[in-house]
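User: Hi! Could you walk me through this structure? I'd like to hear about the aromatics first, then the rest of the fold.

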Amino acid sequence: MCGIMEATSSMKTEVKQKLSMDLMRELGSNLGTIRAPGIGLLYKELVKGIPAILGHFLATLPAIHSMIIFVSIKYVPVPVVPQSERFLFRRVCLKSYHIFRCIARYGYKDVRKENHQTFEKLVINYFYAFFRRGITTQL
């Protein structure tokens, strides 16, 4: 019971503290910092908006990755989510910001067998497929 209350409390805090799109536009596509090559995965419960942790990183780190993916795990009311439908991606900000959201969906009978390294590889592989589809549809 205590774990559920803590999760609900942290979720409420995340929703209250998420960053506004106005602030993101003010910072510009480099987010007011140096963007280093690579992909940064930030795991948060929040499935909408820009988590406050990004603001903390911008204020305290000298650089952040050139591409950022906010990853959330969501359990959905179906028994099993096929692997090909598990990861949903979308842009969070303007294209030049290179910020995306990934929702990893699991059904109530799904068993998460992968360790965190395998999970991260799956996220990256499906992201590359999403990104390539976006590029080819824009040509």
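User: Let's start with Tyr-106. Is Tyr-106 buried or exposed?

Analyst: This is a predicted model, and in it Tyr-106 is buried, with a relative accessible area of 1%.

User: And Tyr-75, buried or exposed?

Analyst: Tyr-75 counts as exposed, at 51% relative accessibility. The cut-off for exposed is over 50%.

User: How many aromatic pairs are there in the structure?

Analyst: The structure holds 12 aromatic pairs. One of them joins Tyr-75 and Tyr-106 in a tilted arrangement, with 6.0 Å centre to centre and 40 degrees between the planes. Tyr-75 belongs to strand β2 (residues 63-76) and Tyr-106 to strand β4 (residues 99-107), so this pair ties together parts that are 31 residues apart in sequence.

User: What about Phe-89 and Phe-130, what kind of aromatic pair do they form?

Analyst: Phe-89 and Phe-130 are stacked, at 5.5 Å centre to centre and 25 degrees between the planes. That pair links distant parts of the chain, with Phe-89 in strand β3 (residues 87-91) and Phe-130 in helix α4 (residues 116-138), 41 residues apart. Phe-89 counts as buried, at 13% relative accessibility.

User: Which residues do ring pairs link into a cluster?

Analyst: The cluster linked by ring pairs holds Phe-89, Phe-100, Phe-127, Tyr-128, Phe-130 and Phe-131. Turning to a charge over a ring, Arg-112 lies over the face of Phe-119, at 5.0 Å from the ring centre.

User: Nice. Now the overall layout: how many helices and strands?

Analyst: The protein has 4 helices and 4 strands. Along the sequence they follow the pattern α-α-β-α-β-β-β-α.

User: What's the strand order in the sheet?

Analyst: The order is β1-β2-β4-β3, in an open sheet of 4 strands with mixed pairing. β1 (34-43) and β3 are at the edges with a single partner strand each, so one side of each has no neighbour in the sheet. On average, neighbouring strands of this sheet are turned by 20 degrees against each other, direction ignored.

User: Which sense do the pairings take, parallel or antiparallel, for β2 with β4 and for β3 with β4?

Analyst: β2 and β4 pair in the parallel sense over 9 bridges, while β3 and β4 pair in the antiparallel sense over 5 bridges. For individual partners in β4, Ile-69 bridges to Phe-100 and Phe-89 bridges to Cys-102.

User: How many residues of β4 are buried?

Analyst: In β4, 8 of the 9 residues are buried, so the strand is largely enclosed by the rest of the structure.

User: Which strands does helix α3 lie across?

Analyst: Helix α3 (residues 52-60) lies across β1, β2 and β4, and runs at about 160 degrees to β2.

User: Switching to the backbone: what's the phi of His-98?

Analyst: His-98 has a positive phi of about 55 degrees, although it is not a glycine. Most residues other than glycine have a negative phi. You'll find His-98 in the loop between β3 and β4, where it counts as partly exposed at 29% relative accessibility.

User: I've also got my eye on Ala-36. Where is Ala-36 found?

Analyst: Ala-36 is in strand β1. This residue is partly exposed, with a relative accessible area of 27%.

User: Which residues is Ala-36 in contact with, leaving aside its neighbours within four places in sequence?

Analyst: Those contacts are Ile-64, His-65 and Ser-66.

User: What share of the whole protein counts as buried?

Analyst: Of its 139 residues, 31% count as buried. As for contacts with a separation of 6 or more, residues 24 or more positions apart account for 79% of them.

How values were computed:
Residues are numbered from 1 along each chain as its sequence is written. This is a predicted model: local features need pLDDT of at least 70, side-chain atom pairs count only at pLDDT 80 or more; totals for chains, interfaces and linings use all residues. Side-chain values use heavy atoms; hydrogens and water are left out. Rings of Phe, Tyr and Trp (its six-membered ring) pair if their centres lie within 6.5 Å; planes under 30 degrees apart count as stacked, over 60 as edge-to-face and the rest as tilted. Helices (H or I, at least four residues) and strands (E, at least two) are DSSP runs, numbered from the N terminus. Buried means under 20% relative accessible area, exposed over 50%, partly exposed in between (1.4 Å probe, protein chains only). A charge sits over a ring if NZ of Lys or CZ of Arg is within 6 Å of the ring centre and within 35 degrees of the ring normal. Two strands pair if DSSP finds at least two bridges between them. Axes are lines fitted to C-alpha atoms, for helices over the stretch in contact, and angles run from 0 to 180 degrees between N-to-C directions. Contact means heavy atoms within 4.5 Å.
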